[in-house]
Amino acid sequence: MDDFGVKIPGVDDFDDDRHREGEQQSKDVQKDLVHIRVQQRNGRKCITTVQGLDKSLDLKKIIKAVKKAHCCNGTIVEDETLGQVLQFQGDQRDHVRAFLVENELCDESKIKKHGHG
């Protein structure tokens, strides 16, 4: 109850610790996801970035296989906060997603595709 004697359901019973645990769990779920994004460069040019892959995977082999299969260039970029991020020329989101699922490198449910299309 507050100073006016009005009890608001749900507000007075709010457990701040439970709320923080829920936020932490949602952040943990986000960490487990593989994020595939497209970033616009200049004009019609864009790059596809892939982050959140398992650290035990050999990223160089993944880059090599995707480059060969889809005729695009790619590289591994080291980011301070995100770790190792794969970059590919062009919009390769669908191709990368299919590659990861077909080779059982990641579950379909753990892949988050960002952007339009």
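**Around strand E1**

Reply: Strand E1 (residues 34-40) pairs with strand E5 (residues 111-113) in the parallel sense, over three bridges; two strands pair if DSSP finds at least two bridges between them. Strands (E, at least two residues) and helices (H or I, at least four) are DSSP runs, numbered from the N terminus. This is a predicted model, where local features need pLDDT of at least 70 and side-chain atom pairs count only at pLDDT 80 or more, while totals for chains, interfaces and linings use all residues. Residues are numbered from 1 along each chain as its sequence is written, and side-chain values use heavy atoms, leaving out hydrogens and water.

Let's start with histidine 35, which stands opposite lysine 112 in E5. E1 is also joined to E2 by six bridges, this time antiparallel, and there the bridge partner of histidine 35 is glutamine 51. The hairpin of E1 and E2 has five residues between the strands, and its glycine 43 takes a positive phi near 65°.

Now follow glutamine 51, which lies in strand E2 (residues 46-51). Glutamine 51 counts as buried because its relative accessibility is 14%, and buried means under 20% relative accessible area (1.4 Å probe, protein chains only). Its side chain makes a polar contact with the side chain of arginine 37 at 3.2 Å; such a contact is a pair of N or O atoms within 3.5 Å, one able to donate a hydrogen and the other to accept it. Setting aside neighbours within four places in sequence, glutamine 51 is in contact (heavy atoms within 4.5 Å) with Leu33, Val34, His35, Arg37, Leu82 and Val85.

Key:
Buried means under 20% relative accessible area, exposed over 50%, partly exposed in between (1.4 Å probe, protein chains only).
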